[in-house]
Amino acid sequence: MSAWPRPDFSEIDLVDPFEIHVGPAYQQGVPGSRRFAFRVDGRHVNRRGVLHGGMLLTFADLSLGAAAWDMTDRAPCVTLGMQTQFLKPARLGDIVEVQPHLMRRTRALLFLRGDFMVDDEAIFTATSVWKLLGQD
Amino acid sequence: MPSLTNDRPSGLPEGAEEVSVAAFARYVGPIWRLPDGEDGALKRYAFRVAEKHMNSAGSAHGGMLMMLADTAMSQTSRLESGAKSCATVSLNCDFVGPGRLGDLIEARVRVTRKSRTIVFLSAELVASGRVVLVATGLWKIVFEP
């Protein structure tokens, strides 16, 4: 097993209590093109040693939300919806990585997607729509 | 009878039982199964929003809401199919309104269709009669090799 965190990743200074509870999470790169990652530990798995869907969903909200924040110069925004597909199980010790992509931005909405990878293989994919508060 | 947790919140209906037994569910839980509604057609699950479930905007974190939806719909898939295990294939969630600190958030799950291999489900998460989240999803029945 490779050492984690890799030297090119740094720990994210999480703010939301729920993210602090399930974290840590890590980042690489500059705002606007950040990559995000976490390591599956003993808290995140079910009784078969498989990563729980709830942790992936939380990490998707965390990482796509952080990307949305980067892309709006930290304007307040909320998730309107998230659509997800579970492609393959991840396991204890796996490093899950994502580089969120902005698909489209309007005055009021951001459309994002992310493919979540373990060892360069997609295990989970998510799209989400974010609303910039106060914009119509 | 499964044992009830000691920190069972007041206002939880009689017959509630903890379902968060595995590591992650226990770590973010407790999550309870509540007695069925509508003559068994409605499966009900809930958690009480605590400090650890919050975001910095003062609402329940979307990740925990999706966690409840996933747990409630996975368990319902298992119950309805009789399978030992069901795997989430897809889950789509709309965040309709915020959950607040202290809310009992209840997931109301319905089976839309059940085939030999797939269970189609929908769920509504409500807090004090307010809809917080609506979800649809697909679960694959896992057949033992």
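How many residues of chain A are in contact with chain B? In this predicted model, 29 residues of chain A are in contact with 30 residues of chain B, where contact means heavy atoms within 4.5 Å. Local features need pLDDT of at least 70 and side-chain atom pairs count only at pLDDT 80 or more, while totals for chains, interfaces and linings use all residues. Side-chain values use heavy atoms, with hydrogens and water left out; residues are numbered from 1 along each chain as its sequence is written, and chains are lettered from A in the order in which they are written.

The two chains bury about 2,400 Å² between them, 60% of it on carbon and sulfur atoms. Buried area is the accessible area (1.4 Å probe) that two parts lose on being put together, summed over both. In chain A, Phe18(A), His21(A) and Phe86(A) lose the most area to chain B, together 24% of what that side buries.

Between chain A and chain B, 14 residue pairs are in polar contact, both residues at pLDDT 80 or more. A polar contact is a pair of N or O atoms within 3.5 Å; within protein, one must be able to donate a hydrogen and the other to accept it, and residues adjacent in sequence count only if both atoms are side-chain atoms. Three elements of chain A, α1 (17–22), α2 (53–71) and β4 (77–86), each supply at least two residues of the side that touches chain B. Helices (H or I, at least four residues) and strands (E, at least two) are DSSP runs, numbered from the N terminus. With eight residues, β4(A) gives the most to this side.

β4(A) also pairs with strand β4 (residues 86–95) of chain B, in the antiparallel sense, over five bridges. Strands pair if DSSP finds at least two bridges between them. Within this pairing, Thr84(A) has Leu91(B) as its bridge partner.

Inside chain B, strand β3 (residues 42–48) is mostly covered, with six of its seven residues buried. Buried means under 20% relative accessible area (1.4 Å probe, protein chains only). Four bridges join β3(B) to strand β2 (residues 32–37), and the two run antiparallel. Six bridges join β3(B) to strand β5 (residues 104–114), again antiparallel. Ala46(B) is the bridge partner of Trp32(B) and stands opposite Glu106(B) in β5(B).

Ser77(B) lies in helix α2 (residues 62–81) of chain B. Ser77(B) is buried, with a relative accessible area of 0%. The side chain of Ser77(B) reaches the backbone oxygen of Met73(B) at 2.8 Å. Not counting residues up to four places away in sequence, Ser77(B) touches Cys86(B), Val119(B), Leu121(B) and Trp139(B).

Methods:
Buried < 20%, exposed > 50% of the residue type's maximum accessible area, 1.4 Å probe, protein only.
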